[in-house]
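Keep the view open while you read.

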Amino acid sequence: MTKQPRTSGPFVIRAIRPEDLDPAIRLLNREITGGVNIFRLIPFDDAAAQRWWALHGSGRYQAIVASPAGEPTAEASAAEESIAKGGSPTVMGWAAVVPHSAYEGYDRTAEVSIWVDERFRGQGVGKALLRQLLASCPERNLRSLISRIESNNVASLRLHEACGFVHSGLLKDIGEKFGQSLHVAFLQYWVPDALPPTADDAAQG
Ligand SMILES: CC(C)(COP(=O)(O)OP(=O)(O)OC[C@H]1O[C@@H](n2cnc3c(N)ncnc32)[C@H](O)[C@@H]1OP(=O)(O)O)[C@@H](O)C(=O)NCCC(=O)NCCS
């Protein structure tokens with residue numbers, strides 16, 4: 001899918017590579033075990049990570065990652081090992097689209113998943129990832145994106161609003177985690193010029 005790295009500050013946005021899988025899943029698992037921004041309770045194990053890779057490793061739903069500019073490709077695995085020892089990470093954040101529904105009529109709508117390592121939040125990484133994801137919608141044959149955001153997740157709400165998403169509804173007390181009842185805001189984005197005529201357009205002649 002997105003082959004060309006895009007520079008944006010001291011990091012590049014590029015397509016995910018096999019060596020990014022472990023750090024990407026580790027980032028997700030930290031949120032699963034420690035936060036309410038994802039309602040999943042059970043961390044990804046190796047089998048779940050492989051299923052994730054089957055969807056996001058290539059093709060229409062390929063994930064994109066933010067990694068430090070100038071990162072040496074061949075040494076990515078070694079660099080990743082060094083994270084545990086306090087070295088530089090290979091994945092500062094990642095973003096992907098997920099099918100909204102298996103029903104064919106929803107084929108050109110997808111849901112956003114975006115995660116930035118807490119050490120790199122507030123530095124423009126999330127905005128660069130989301131903008132690149134939006135720019136890739138035409139080549140992915142997508143016309144609308146949905147984000148489901150926990151109602152107190154101000155950072156994600158502001159990020160999506162800044163990138164052109166609009167509020168489409170609030171589902172109250174739809175989730176539970178760590179003993180809290182949680183609300184979810186739905187935000188939607190329409191890819192410019194990608195919508196076919198609606199029934200209303202046809203009625204207006
Ligand atoms: C939401 C998240 C992806 C934002 O990534 P980020 O790299 O920190 O965001 P950026 O630095 O690119 O900021 C983009 C915009 O978001 C808003 N924003 C980011 N952090 C914010 C905060 N803590 N409070 C208020 N607004 C914030 C700002 O409007 C900012 O725009 P600006 O730079 O023009 O002011 C990141 O906080 C994150 O990974 N959170 C945990 C996971 C998560 O919630 N994922 C989304 C699930 S729906």
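This is a predicted model: local features need pLDDT of at least 70, side-chain atom pairs count only at pLDDT 80 or more; totals for chains, interfaces and linings use all residues.

**Around the ligand**

The shell has 21 residues, and R121, G126, K127, A155 and R158 come nearest to the ligand. Which elements give two or more residues to this shell? They are strand 5, helix 4, strand 6 and helix 5, which covers residues 154-162. Nine of its residues are nonpolar, eight are polar and four are charged.

Now step back to the whole chain. The protein chain has 205 residues, and 24% of them count as buried. Its secondary structure comes to six helices and eight strands. Read from the N terminus, the order of elements is β-β-α-α-β-α-β-β-α-β-α-β-β-α. Take the contacts with a separation of 6 or more: residues 24 or more positions apart account for 66% of them.

In soluble globular proteins, nonpolar side chains tend to be buried together. Here the largest nonpolar core holds 36 residues, and I64, W94, A95 and L129 touch the most other members. Several elements give two or more residues to this core, among them strand 2 (11-15), helix 1 (21-34), strand 3 (64-68) and strand 4 (93-99). Strand 5 (109-116), helix 4 (125-135), strand 6 (144-150) and strand 8 also belong to that list. Which helix gives the most to this core? Helix 4 does, with six residues. Helix 4 is also among the elements that give two or more residues to the ligand shell.

Pick out L129 and look at its contacts. Leaving aside residues up to four places away in sequence, L129 touches I13, I64, A66, G93, A95 and I114. I64 and A95 are themselves among the core residues that touch the most other members.

Now follow the strands. Is strand 3 largely enclosed or largely open? Strand 3 is largely enclosed by the rest of the structure, because four of its five residues are buried. Strand 3 runs antiparallel to strand 2, and five bridges join the two. Find F11 and you will see P68 of strand 3 opposite. Strand 3 also pairs with strand 4, again in the antiparallel sense, over three bridges. In this pairing, I64 has A95 of strand 4 as its bridge partner.

D173 is found in strand 7, which covers residues 166-177. Is D173 buried or exposed? D173 counts as exposed because it has 9 C-beta neighbours inside 10 Å, and a residue is exposed at 12 or fewer. The backbone of D173 is worth a look too. D173 has a positive phi of about 50 degrees, although it is not a glycine.

F178 is found in the loop between strand 7 and strand 8. F178 also is not a glycine, yet has a positive phi of about 50 degrees. F178 counts as exposed because it has 9 C-beta neighbours inside 10 Å.

Strand 8 covers residues 180-190, and Q180 is found there. Q180 counts as exposed because it has 10 C-beta neighbours inside 10 Å. Where does the fold bring Q180? Q180 and V36 are 144 residues apart in sequence, but their C-alpha atoms are 9.0 Å apart in space.

Technical notes. Residues are numbered from 1 along each chain as its sequence is written. A residue is buried if 20 or more other C-beta atoms lie within 10 Å of its own, exposed if 12 or fewer, and partly exposed in between; C-beta atoms are placed from the backbone. A nonpolar core is a set of buried Ala, Val, Leu, Ile, Met, Phe, Trp, Tyr and Cys residues joined through C-beta atoms within 7 Å. Two residues are in contact if their C-beta atoms, placed from the backbone, lie within 7 Å. A residue is near a molecule or strand if its C-beta atom, placed from the backbone, lies within 6 Å of it. Ala, Val, Leu, Ile, Met, Phe, Trp, Tyr, Cys and Pro count as nonpolar, Asp, Glu, Lys and Arg as charged, and the others, Gly among them, as polar. Two strands pair if DSSP finds at least two bridges between them.
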